[in-house]
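Try each task before reading its solution.

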Amino acid sequence: MRVGLCFDGFYSIQEMIELARLADEVGMESLWMSDHLCFRDSLTTSMALLAATKTIKVAPAPMSPYSRHPIIYAMSIATMEEFAPGRVIASPGTGNAAALKEAGMESPRPLKTMREYVEILRRFLRGETVNFEGEIFKINGAKMGFTPSTTIKMYLTAVRPRMLQLGGEIGDGVLLSGGCSPGYIARCVSDIKTGTERSGRLPSVS
Amino acid sequence: MTAAVSDDRKEAIEANKMFLAYIFRNTHHAENIRLGGGRVDQEGLAVAVAKRDWEAAKKFISDEVVLAHCVAGTPAECCRQLEAFVKGGLNLPVLLPTGTQEARKKVIQMARELGS
């Protein structure tokens, strides 16, 4: 059984790097660096994890559309991929609603927001000139000055049924929340499959 | 899922409580908690977490809730518990190591044994 490792950002970056090196040495599949507001930053830590390891994949997760504009996210994830080609996974997700609220960020219309966010991210990462007139985002001709050499997979982070379905529909995979009980995982997988039936694709569930 | 490996089962259970406290204050976990068979006072928990009073917050998470949502115990116990989560349909279990740094390293050692 292949297994990934997740960091919650509750302990120091030095400790996470030590564990990441060990995980890389024993052949673990991936590192998932949580983006918990008020704790260690996900993107900068993820870059440090890439620099400290050789083969393991790294996923900052979730990157929230409410705290990171899609062009900022695209720039970050593309820079990471340029540094470590083929070792970066993107994981957009709305994030922890309570933590966002504490920080003064509301999280309205999550389904529409996520659908637009993922579409814009993919277009930026493909190197397109993006003109997007959505209900949430408006992009006026921005184009990345560099593009990733590999296709970066997108694992949507999801908890609730309709977001899980959206993940199944538009994601390359779905990342479930930590702390899911086995019964809830089974229900989540069912919701994801409902979404995949809309798209005809088969996402992975982590 | 959070994972704590220790020969001391109680220590392993306690190690998982801070993370569960942090995420279970969110109302979107209510159905997950219900399906796990436990009960959590999410409103009281949210107040404690907002104050970053982790000792108070952890008191809202019972041992039974930990065992329903995490893996905790010896490596053999954790591997057995992990199977129940994977059977739900996970393609890739992702372990969040908790406890001391030495305990976290034991989670990685367990992952190596699972992969071999």
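Helices are DSSP runs of H or I with at least four residues, numbered from the N terminus. Keep in mind throughout that this is a predicted model.

**Exercise 1. Find F19(B) and decide whether it is buried or exposed.**

Step 1: Locate the residue. F19(B) sits in helix 2 of chain B, which covers residues 17–24.

Step 2: Recall the cut-off. A residue is buried if 20 or more other C-beta atoms lie within 10 Å of its own.

Step 3: Apply the cut-off. F19(B) has 25 C-beta neighbours inside 10 Å, so it counts as buried.

Step 4: Look at the partners. Leaving aside neighbours within four places in sequence, F19(B) is in contact with D8(A) and G178(A) from chain A, and with T2(B), L96(B) and T98(B) from chain B. Take T98(B) as an example: 79 residues separate it from F19(B) in sequence, yet their C-alpha atoms are 8.4 Å apart in space.

**Exercise 2. Describe how helix 1 of chain A packs against helix 2 of chain A.**

Step 1: Two packed helices are described by the angle between their axes and the distance between the axes.

Step 2: Read off both values. Helix 1 (residues 13–25) and helix 2 (residues 42–52) of chain A pack at about 40 degrees, and their axes are 9 Å apart.

Step 3: Name the arrangement. This angle makes helix 1 of chain A oblique to helix 2 of chain A. The crossing of helix 1 of chain A past helix 2 of chain A is right-handed.

Step 4: List who touches whom. Helix 1 of chain A contributes I13(A), M16(A), I17(A), A20(A) and R21(A), while helix 2 of chain A contributes T45(A), A48(A), L49(A) and A52(A). By type, the residues of this contact are seven nonpolar, one polar and one charged.

**Exercise 3. Repeat the analysis for helix 7 and helix 8 of chain B.**

Step 1: The axes of helix 7 (residues 75–87) and helix 8 (residues 101–115) of chain B come within 11 Å and cross at roughly 60 degrees. That makes helix 7 of chain B oblique to helix 8 of chain B.

Step 2: The crossing of helix 7 of chain B past helix 8 of chain B is right-handed.

Step 3: From helix 7 of chain B, P75(B), C78(B) and C79(B) meet K106(B), M110(B), E113(B) and L114(B) in helix 8 of chain B. Sorted by type, the residues of this contact are five nonpolar, no polar and two charged.

**Exercise 4. Which element of chain A gives the most residues to the side that touches chain B?**

Step 1: Start with the totals. On chain A, 38 residues are in contact with 40 residues of chain B.

Step 2: Find the elements that give two or more residues to this side of chain A. They are strand 1 (4–7), helix 1, helix 4 (97–102), helix 7 (182–199) and strand 8 (204–205) of chain A.

Step 3: Pick the top contributor. Helix 7 of chain A gives the most, with seven residues.

Step 4: Sort this side of chain A by type. Its residues divide into 21 nonpolar, ten polar and seven charged.

**Exercise 5. Examine the backbone at P62(A) and C38(A).**

Step 1: P62(A) lies in the loop between strand 3 (57–61) and helix 3 (70–83) of chain A. The peptide bond leading from A61(A) to P62(A) is cis, with omega near -10 degrees.

Step 2: C38(A) is in the loop between strand 2 (30–34) and helix 2 of chain A. Although C38(A) is not a glycine, its phi is positive, about 85 degrees. With 10 other C-beta atoms within 10 Å, C38(A) is exposed.

Technical notes: Residues numbered from 1 in each chain as written. Chains lettered and ligands numbered in written order. Predicted model: local features only at pLDDT ≥ 70, side-chain atom pairs only at ≥ 80, totals over all residues. Axes fitted to C-alpha atoms, helices over the stretch in contact; angles between N-to-C directions. Parallel < 35°, antiparallel > 145°, perpendicular 65-115°, else oblique. Left-handed = near helix turned anticlockwise from the far one by under 90°. Contact = placed C-beta atoms within 7 Å. Nonpolar A, V, L, I, M, F, W, Y, C, P; charged D, E, K, R; others polar. Buried ≥ 20, exposed ≤ 12 C-beta atoms within 10 Å, placed from the backbone.
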